[in-house]
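The sequence and structure come first.

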Amino acid sequence: MRTSSFTITENQYPTSSERLAEILAAPGFGEFTTDHVAKVEWTGDYSTGGEWDHARIEPYAPLSLDPATSVFHYGQEVFEGLKAYRHQDGSVWLFRPEANAERFRRSAKRLALPELPTEIFIDAVHALVEKDSRWIPEGEGTSLYIRPFMIATEKFLGVRPTREALFEVIASPAANYFGSPEPVDIWWSQNYARAGQGGTGAAKCGGNYAASLLPQLEGEAKGCKQVMFTDEHRDHTVEELGGMNVFFVLKDGTLVTPKLTGTILEGVTRKSIVELAQENGMKVVEKTITVDEWQAGIAQDEITEIFACGTAAVIAPMGRLLYEDGEIPAASQTNGEVTQWLRTQLTGIQTGRVEDRFGWMTRVI
């Protein structure tokens with residue numbers, strides 16, 4: 001299935017040039033959506049297989065679903081997040097869409113949803129970005145945020161995998177997620193868990209994010225923009241933030257990030273940082289790290305920088321870790337040399353200012 005196989009229905013009421021200019025001047029994050037949506041439907045049986053069909057680009061519009069649609073009752077839903085960037089020459093590029101497509105398939109498998117072929121995922125993203133390319137901002141730190149998702153659409157109240165599914169791609173112009181890359185204080189949630197062993201922690205599904213919202217509100221009440229989750233059954237091993245992976249920079253330049261244990265999302269940005277650092281000769285260690293080790297590392301100045309990463313924010317330096325009984329101070333270099341270098345390199349590759357030495361970028365237009 002190539003992008004040419006997507007039938008296109010034009011939006012009869014596209015956003016005016018004047019209104020679009022206003023939106024792109026201050027897009028925020030996730031506040032506006034483009035004029036169209038990409039759709040592909042699946043019917044079949046999860047155990048024996050099925051077929052993807054009816055690939056199309058349609059005007060953006062609300063979905064009409066029966067109250068008995070299984071996604072509402074059993075949560076069969078997965079999604080992704082990636083970005084398109086406009087380079088200085090006007091060309092438009094995607095960052096590592098294959099990695100997102102592969103993770104989407106893994107997430108679907110864990111939720112007993114049909115595994116979408118990589119080529120359909122990428123074709124749908126290409127088709128939508130090409131159609132709505134006028135929505136891509138051009139300012140510093142801006143991009144078109146792309147949200148592919150899949151939901152179970154069968155009208156059925158029995159407990160079994162759906163026999164009908166809908167894959168859609170929508171897009172939204174985006175500015176920097178946290179604004180300028182200043183250190184962000186983090187709230188340590190000691191009362192809630194994002195995921196557990198054997199659960200859906202490694203899948204990118206709505207339930208994981210729903211589980212993070214209440215502790216996120218708890219953190220915001222304490223003045224924190226993000227919440228951190230730990231595994232209390234393993235000496236409060238650091239896992240991840242509500243939607244971001246974590247990295248520690250040691251005094252000797254080693255980069256440390258929590259080991260993937262099935263409860264942590266394998267971030268595409270995380271993966272890219274590991275590869276970028278290793279290509280630059282940095283030592284990267286994936287291992288478990290406890291909050292006590294974090295505190296000792298700060299006290300002894302063994303941990304000199306800490307940052308979080310994800311598609312939305314790219315790389316965000318972390319400040320203090322706050323919790324009910326106290327706090328762990330920020331690292332001595334809250335937006336240090338390593339953090340800044342990695343951010344400059346990664347965003348430079350994405351925007352075309354730095355040579356793409358890894359073949360990460362895919363041209364759309």
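## Chain and helix report

The chain has eight helices and 18 strands, taken as DSSP runs (helices H or I of at least four residues, strands E of at least two) and numbered from the N terminus. This is a predicted model, in which local features need pLDDT of at least 70, side-chain atom pairs count only at pLDDT 80 or more, and totals for chains, interfaces and linings use all residues. Residues are numbered from 1 along each chain as its sequence is written, and side-chain values use heavy atoms, with hydrogens and water left out.

A compact globule of 365 residues would have a radius of gyration near 21 Å, and the chain agrees because its own value is 21 Å. That radius is taken over C-alpha atoms, and the globule rule is 2.2 Å times the number of residues to the power 0.38.

| Property of the chain | Value |
|---|---|
| Buried residues | 52% of 365 residues |

Areas come from the Shrake-Rupley method with a 1.4 Å probe; buried means under 20% relative accessible area. Among contacts (heavy atoms within 4.5 Å) between residues at least 6 apart in sequence, 73% join residues at least 24 apart.

Helix H4 covers residues 118–131, and its 14 residues should span 20 Å at 1.5 Å a residue; the end C-alpha atoms are 20 Å apart, which agrees. The expected span is 1.5 Å times one less than the number of residues. Eleven of the 14 residues of H4 are buried, among them Phe121, Asp123 and His126.

Notes
Buried < 20%, exposed > 50% of the residue type's maximum accessible area, 1.4 Å probe, protein only.
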